[in-house]
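Biologist: I would like to learn how to read a helix and a pair of rings. Please take me through one case.

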Amino acid sequence: MSETTTGGTARTPEFRLASGVIETLRQDLVTNAFAYRPLPLLETPGRFVRRLPQAIRRHFPWTRYAMVGALALFVMVFTAGTQSSYLGDTGELLIGMISAAPILMTLVRPVAAWWAAVAMTVVFAAIGSEASWPWTPGSFLAYIAVMVLVTLRTGPRVAAWMWTLTLALGFTISVVFRNGYAYGLGTNLPEMAVFSAIALAIASSIQIRRHARAEVSAQQEVTAVERDKRTLLEERTTIARELHDVVAHHMSVVAIQAEAAPYRVKNPPPELEAAFVTIRENAVAALTELRRVLGVVRSADYEAPDAPQPTLASLDGLLANVREAGLRVEKTVTGAVRELPQGVELSAYRIIQEALSNTLRHAPGAGAGVEVSYVLGGLGIRIVNEPPTGDVRPSPGAGHGITGMRERVAMLEGEMTAGSTPEGGYEVAVFIPVPGRPAPAVVPEEGPA
């Protein structure tokens with residue numbers, strides 16, 4: 001294979017490698033080096049912070065800024081106290097501020113802060129003494145602090161570039177300012193190389209661990225969302241299967257009655273027979289389409305139940321079963337009991353069943369109350385359980401039961417609330433609207449003409 005060429009000159013693998021290294025350096029430390037990248041505020045307070053007064057917790061997100069500011073203040077005082085200036089106290093204060101400035105810059109422009117630390121090193125090397133050169137004690141501390149903070153903001157690759165260029169910087173300063181120490185002899189470059197390497201290794205490990213935890217947290221959020229979607233689809237599939245059995249039963253009854261109706265009337269007119277035939281054909285066609293659509297959501301091993309779908313008339317049997325499982329439950333029925341649409345009856349039964357199952361899992365030893373209210377505009381359901389008692393630990397759950405309840409209520413255009421009670425228990429309240437049946441039209445009898 002031929003080498004990649006530019007302007008007729010072949011690029012060797014070594015040249016491409018060097019170009020890639022230089023491009024990486026340019027992206028990390030040159031491109032957008034002075035871009036404004038403020039340090040993110042803290043979002044989640046720890047357990048200790050939650051116990052602090054509200055006045056203190058209000059300022060918790062700015063903790064990182066306060067810590068960096070305190071470090072800058074310490075470096076400024078330390079530098080001013082360890083390096084003298086011919087300008088006296090004013091000069092010492094100025095030198096301390098120059099040392100602290102790159103540290104404060106890491107809050108908003110981390111890469112530019114390192115370049116400012118490089119400029120600080122050059123300035124102090126020009127005015128420094130042979131006892132501590134090219135980094136004075138204050139600038140030594142400030143330079144390492146800046147590299148650590150930048151590494152925590154960027155990553156290990158930038159840390160490697162900063163450490164490498166720091167060695168090159170110390171060697172270059174030795175050549176430019178003191179030719180006699182061209183190989184770093186008599187400078188504190190070796191100390192800088194060792195201490196900065198240790199500090200950057202620790203900072204890089206912290207940054208890598210933080211990045212890994214962020215990725216795991218993001219993946220867990222995605223997994224939770226996908227799990228909720230899957231649960232919702234499974235619940236909708238279950239509801240669709242149950243409604244299929246309900247609707248199929250009614251459509252079958254319509255088809256049978258439409259077929260038998262002409263035989264119940266003596267000498268029915270042809271128009272009536274044709275109308276019943278049309279009704280039966282439409283009912284059979286609708287039933288066929290319903291079965292075809294529901295076949296998509298049925299699993300291969302699904303078997304339709306032999307018994308009819310449960311209704312509120314079967315509620316006593318459900319309560320008897322949960323009492324045998326150890327749950328103390330009382331039922332209250334208010335209003336005039338009447339027959340409701342079978343879909344409403346089925347959904348109400350399933351909601352009560354799931355709420356009582358949640359009580360058994362999450363509140364062992366507690367009692368529960370079930371209230372069914374037949375009101376003018378629909379059906380009200382309320383299930384309340386007491387706080388858990390005894391030594392039995394609650395069983396963990398995924399929260400899918402509440403999702404299924406809300407889906408059923410939303411399908412019937414109802415309303416639902418679920419949450420803890422002031423006593424420490426849990427309450428589920430549901431209202432399902434049921435439109436009233438229109439009164440049959442009264443046809444006036446024809447009187448004698």
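Modeller: The protein chain has 13 helices and 7 strands; helices (H or I, at least four residues) and strands (E, at least two) are DSSP runs, numbered from the N terminus. This is a predicted model, in which local features need pLDDT of at least 70, side-chain atom pairs count only at pLDDT 80 or more, and totals for chains, interfaces and linings use all residues. Residues are numbered from 1 along each chain as its sequence is written, and side-chain values use heavy atoms, with hydrogens and water left out.

Biologist: Which residues of helix 4 are buried?

Modeller: An α-helix has 3.6 residues a turn, so residues three or four places apart point the same way. In helix 4, the buried residues (under 20% relative accessible area; exposed is over 50%, partly exposed in between; 1.4 Å probe, protein chains only) are Y65, V68, A72, V75, T79 and A80. Down the axis of helix 4 they fall within an arc of 125° (taken from the directions from the axis to the C-beta atoms), so they line one face. M67, V77 and G81 are exposed on the other side of helix 4.

Biologist: How are the rings of F74 and F78 placed?

Modeller: A pair of aromatic rings is described by the distance of the centres and the angle of the planes. The structure holds 5 aromatic pairs (Phe, Tyr and Trp rings, the last by its six-membered ring, with centres within 6.5 Å; planes under 30 degrees apart are stacked, over 60 edge-to-face, the rest tilted). The ring centres of F74 and F78 are 6.1 Å apart with planes at 20°, so this pair is stacked. Both lie in helix 4, 4 residues apart, about one turn.
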